[in-house]
Structure formats: C-alpha cells, structure tokens
Amino acid sequence: MENRWEENVRRVVPYTPGEQPDFPDMIKLNTNENPYPPSPLVERALRGMETEPLRLYPAPGADALVEALAQYHGLKKEQVFVGVGSDDVLAMAFLTFFNSGRPIRFPDITYSFYDVWAELFRIPFERQPLNERFEIVKEHYFGENGGIVFPNPNAPTGIELSLSEIEEIIAHNRDVIVIVDEAYIDFGGHTALPLIEKYENLLVVQTFSKSRSMAGLRIGYAMGQEKLIKYLNDAKYSFNSYTMNRPSLTMGTAALRDEAYFCETRDKIVATRERTKKELAKLGFTFGDSRANFVFATHSEVPARELFAALKEAHIFVRYFDKPRIDNYLRITIGTDAQMDQLVAFLKKYLEDRRAI
Ligand code: PMP
C-alpha cells in the first residue's frame, strides 16, 4: 500500500542517458562525444589553475565566459545566458517560457529529454510526426501552440531543417517562444543565430559538449534578445545562483580562444563522417544526410537490435533506441578515422559470416 505522502510526490519517468561503459579496449560511439581532446589552451588553463580561489563562490553571472561568448558571436553580453550543459539551459528555458497552458510542439522523433522536461514541469505537449524521410514538416508548427522546440540538425536523425523553413516557423509563432537546439550545428548545419536580431521570440541554444570536446565540463548557452535572456536569468537566480563552477568558467573561456583547433577538429570529424557514410553504404546501410557528428543508419537485411548487441559484445558501443519508427536504426557517433575503420571492419566481417551460415 502507498503511504499518504507518496500521493503528493512529483513523479517523473527520468531521461535515460546513453551508457557510460568503461573498458580499456572499447570504442565508444554511443553518446556523440568528440573523439579528440579539448584544445591545448584548455589544458594550459587547467594546469595554470590555483586551488586557493576555489574557496570563493564563482561569479553568479559567469561574466568572463558570457563576455567571451558574446564577443565570439558578435553579440552584447546581455544576449547570452550560460548553464551547466545545454540540458540545464534547455530545462531553464522550458521552465521560463512554456507557461501558457497550451501544448508546446516538438517532433515525434527527437531529443528524448523534451518530453521529460515537459512532464516534469507539467507542460502539455504535442508530438508532430516527421515525414517518411525523417524530416521536420514546417506546417505542423504553424497552428496555435504554447511554444516550439526542436534540434537543428535533429537528433537522432542528423537531418537539418533549412534556415528559410526555420524562419517560417518563427514568423508563424510570434506569440510564443521558439527554441532551436543547436547542439550539433557546428558539424555542417546553418545556425539560426542571425535571426535573433529580427525575432524577439527566438532562442538559440548551443553547447561545448560536442564540437568543443568538453562534455565533461558541462557548458551550454543560449542566445537571444536581451529581454529573453533577462527572463532566463531571473528564473535561474530564483533556482540556483552559482551554477557554473570556476574551473568550467576558466576552461570554457580558454577554449573560445583557439579557433584554429576548433576548426581543425571539426573539419576532421566532418571528413570522417562523409568517409564513414560511403563505407556503411557499401555494407548495405542506408541513412539520411546527417549534418551532425553521428549517422543514423539502418541495414537492409540485419535488424539493428542484433547489430547493436553484436557490436556491444565486441566493446564497440553505439546507440539503439527501442522506440516506434526508429527501432531498426543505430545511431553511430563519428569517432576518429581509426575507430571508424574498426567499426566498419567488424560490421563487414559480421555481415559476411552471417551470410555464410
Ligand atoms: N540537445 C541535444 C539534441 C542533444 O543531443 C544533447 C546531448 N545529449 C543535448 C542537447 C545536451 O547536451 P549538453 O547538456 O551536454 O550540452
């Protein structure tokens, strides 16, 4: 029997993050991390850090990082909000902006945290189906709603929505906030950032976790017009004033100074992705035109579930979602060339052995 107090618990079905296995020989392609280390300037900043200042609280406004980001993107510092990974930023944005009581909209196949935050904050929502090519259908977002959120490129499909279609969605929704989650934008997508000047209802969210190789530091940020950022900060200060720790602020700021390294590693990942697509196609996989640091692939003969298990057994970790419409797909993060070669070699042999039986 339930205790009386349990009737009043805020119950949630939590988000399930990808596994974080720890084997010395593993190839980890399951959580879209960057295979390259952060910039050497980040390492230098870490080594130069003293422990004495850690007795002091960090700057509540994360000023140094906010200023560096504003400068990097050509914005005012009042247009930038930072948080503990873009998950924190997105959660804060849901809490701040999705309060009309009308359902918010997001794609049926998308980042699986959106429905979790909506449930947590009691925000009604409506999932809008992607078309059969796994593309977002812009017209689905034109009717009355309580706000909109989608990743661009979308996850886990990797498919990009064009900037003109994004603009149409924003223009049709001047009375609500549209959040474009650009976690993967640097790998070949087109950012909606230039649109923030024109649309006060647009919030663009980015992260240091993928293209800047800093998932472990937890740095995400949002950009929008000053008014939007002020509302976000008001909510954040009403929740926890000191979210960003001192080492993250220092190392995040250092990362922004190394544009050459950022471009070099990003370009390598994009080149490896395109090479991997060709190799996977030769093996009988099909996939959309991913603009992210992963491919979302299905095989013509072998069920994804079986391939996922076989790869796991070989300590090659990819992501499998046991969900309607996508339960025959694998999301494979782009690693180094050597890692992708090992993945392809394993799959080739597995498929050959299977056909021989
Ligand atoms: N948005 C999308 C679409 C993602 O895939 C992720 C990574 N899981 C995030 C946001 C959150 O990333 P982070 O909190 O590391 O910035």
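**Exercise 1. Pair two strands.**
Task: How many bridges join β5 to strand β6, and how do the two run?

Solution. 
Step 1. Count the bridges. 4 bridges join β5 to β6 (residues 178-181), and the two strands run parallel. Helices (H or I, at least four residues) and strands (E, at least two) are DSSP runs, numbered from the N terminus. Two strands pair if DSSP finds at least two bridges between them.
Step 2. Strands of a sheet pair through backbone hydrogen bonds, either parallel or antiparallel.
Step 3. Find a partner. I148 has V178 in β6 as its bridge partner.

A note on the model: it is predicted, local features need pLDDT of at least 70, and side-chain atom pairs count only at pLDDT 80 or more, while totals for chains, interfaces and linings use all residues. Residues are numbered from 1 along each chain as its sequence is written, and side-chain values use heavy atoms, with hydrogens and water left out.

**Exercise 2. Look at the side chains.**
Task: Which residues of β5 point one way, and which the other way?

Solution. 
Step 1. Sort them. I148 and F150 point one way from β5 (residues 148-151). V149 and P151 point the other way.
Step 2. Check burial. All of them are buried. Buried means under 20% relative accessible area, exposed over 50%, partly exposed in between (1.4 Å probe, protein chains only).
Step 3. Move to V178 in strand β6. V178 has a relative accessible area of 0%, so it is buried.
Step 4. List what V178 touches. Not counting residues up to four places away in sequence, these are I148, F150, I170, N173, N201, L202 and L203. Contact means heavy atoms within 4.5 Å.

**Exercise 3. Find the cores.**
Task: How many residues has the largest nonpolar core, and which have the most contacts inside it?

Solution. 
Step 1. Read the core. The largest has 47 residues, and those with the most contacts inside it are L65, V82, F150, L202 and F208. A nonpolar core is a set of buried Ala, Val, Leu, Ile, Met, Phe, Trp, Tyr and Cys residues joined through side-chain atoms within 4.5 Å.
Step 2. Zoom in on V82. Leaving aside neighbours within four places in sequence, V82 is in contact with A62, L65, V66, L69, V89, G220, Y221 and M244.
Step 3. Look apart from this core. Another core lies there, of 32 residues, among them Y36, A304, L311 and I316.
Step 4. Turn to α2. Its buried residues are L65, V66, A68, L69, A70 and H73. Their cover includes β2 (80-83), β7 (202-207), β8 (220-223) and α7.

**Exercise 4. Judge the rings.**
Task: Why is the pair of Y57 and Y242 stacked?

Solution. 
Step 1. Count the pairs. There are 22 aromatic pairs. Rings of Phe, Tyr and Trp (its six-membered ring) pair if their centres lie within 6.5 Å; planes under 30 degrees apart count as stacked, over 60 as edge-to-face and the rest as tilted.
Step 2. Apply the rule. The ring centres of Y57 and Y242 are 4.3 Å apart and the planes are at 15°, so this pair is stacked.
Step 3. Y57 lies in the loop between α1 (40-47) and α2 (63-73), and Y242 in the loop between α6 (226-237) and α7 (246-256), 185 residues apart.
Step 4. Check exposure. Y57 is exposed, at 61% relative accessibility. Y242 is partly exposed, with 37%.
Step 5. Compare another pair. Y111 and F113 are edge-to-face: 6.0 Å centre to centre, 70° between the planes.

**Exercise 5. Find the sheet edges.**
Task: Which strands stand at the edges of the open sheet of 4 strands?

Solution. 
Step 1. Read the order. It is β9-β10-β13-β12, with antiparallel pairing.
Step 2. Name the edges. β9 (285-287) and β12 (319-320) each have a single partner strand, so one side of each is left without a neighbour in the sheet.
Step 3. 3 bridges join β9 to β10 (residues 294-299). F285 stands opposite H299 in β10.
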